[in-house]
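Let's take a friendly tour of the charged pairs in this protein. Have the structure open as you read.

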Amino acid sequence: MRLNRKKLRYLINEIVRRSSLAQNPNYSSKSMVVGVGHGKIKQGPTGQTGFEIVEQAEPGGIRMVAYVSGDPAGYMYLSPILLGYKVNTVQVSEDYRRGGVSDPGYGIASRMYAYVIGKYQLYSGDSQTPEARRLWVGLHKKYPGRIEAVDAVTGETYQVMPTPDSTELEIAGSFSIWTDDDQPNDIYFRFKSS
């Protein structure tokens with residue numbers, strides 16, 4: 001899904017609207033708190049200093065909001081596919097992007113992906129921005145041998161590798177999984193469970 005300005009503004013506003021998601025007794029939420037600057041993950045209540053993800057299961061998927069020191073910083077929506085979840089949307093507030101006025105010194109989207117990888121079988125979305133494609137290249141480097149391409153219709157799997165310019169992953173010795181017009185083609189990247 002390509003994000004136009006209207007959709008992007010809606011998602012950013014939703015992050016702000018849902019800033020009290022974890023305190024609302026009508027939501028069944030779980031949170032993870034990660035100490036800022038550490039690789040350490042611990043369970044903790046909403047509002048602690050650090051990085052936190054609050055997730056909300058919905059009938060059509062899972063909605064997640066990332067917080068830095070209690071402020072909403074990122075948004076992710078996952079939809080079910082095969083035996084896991086595909087990334088439908090990832091958005092990081094401009095203030096919390098690299099170089100932004102509230103940049104925490106680590107990637108918000110990368111931390112969200114790390115959380116999801118640790119908890120769910122993760123698949124790429126139907127389409128990806130250049131930033132998301134580079135993020136998957138980074139995941140491939142960080143977790144060698146754990147990402148493959150899979151045809152959701154046939155179940156056939158393919159080995160993947162970064163393109164020579166490291167801007168995206170492609171099927172080894174073959175082709176990009178993305179079509180020229182960015183239309184879904186039932187081939188996704190899958191982060192293999194360990």
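## Lysine 119 and glutamate 55

Lysine 119 is partly exposed, with a relative accessible area of 35%. Its partner in this predicted model is glutamate 55, and the closest N and O atoms of this salt bridge are 3.0 Å apart. Lysine 119 sits in helix 2 (residues 108-119) and glutamate 55 in strand 3 (residues 51-58), so the bridge ties together parts that are 64 residues apart in sequence.

Is glutamate 55 buried or exposed? Glutamate 55 counts as buried, because its relative accessibility is 7% and the cut-off for buried is under 20%.

## Glutamate 168 and arginine 133

A salt bridge also joins glutamate 168 to arginine 133, with 3.5 Å between the closest N and O atoms. Glutamate 168 belongs to the loop between strand 9 (157-162) and strand 10 (169-171), while arginine 133 is part of helix 3 (residues 130-142), so this pair ties together parts that are 35 residues apart in sequence. Here glutamate 168 and arginine 133 are both buried.

## Arginine 190 and glutamate 148

Now turn to arginine 190, which forms a salt bridge with glutamate 148; their closest N and O atoms are 2.5 Å apart. Arginine 190 is found in strand 11 (residues 187-191) and glutamate 148 in strand 8 (residues 147-151), a link between distant parts of the chain, 42 residues apart. Arginine 190 and glutamate 148 are each buried.

## The whole structure

How many salt bridges does a search of the whole structure find? The search finds four, among them the bridge between lysine 119 and glutamate 55.

Definitions and conventions
Residues are numbered from 1 along each chain as its sequence is written. This is a predicted model: local features need pLDDT of at least 70, side-chain atom pairs count only at pLDDT 80 or more; totals for chains, interfaces and linings use all residues. Side-chain values use heavy atoms; hydrogens and water are left out. A salt bridge is a side-chain nitrogen of Lys or Arg within 4 Å of a carboxyl oxygen of Asp or Glu. Helices (H or I, at least four residues) and strands (E, at least two) are DSSP runs, numbered from the N terminus. Buried means under 20% relative accessible area, exposed over 50%, partly exposed in between (1.4 Å probe, protein chains only).
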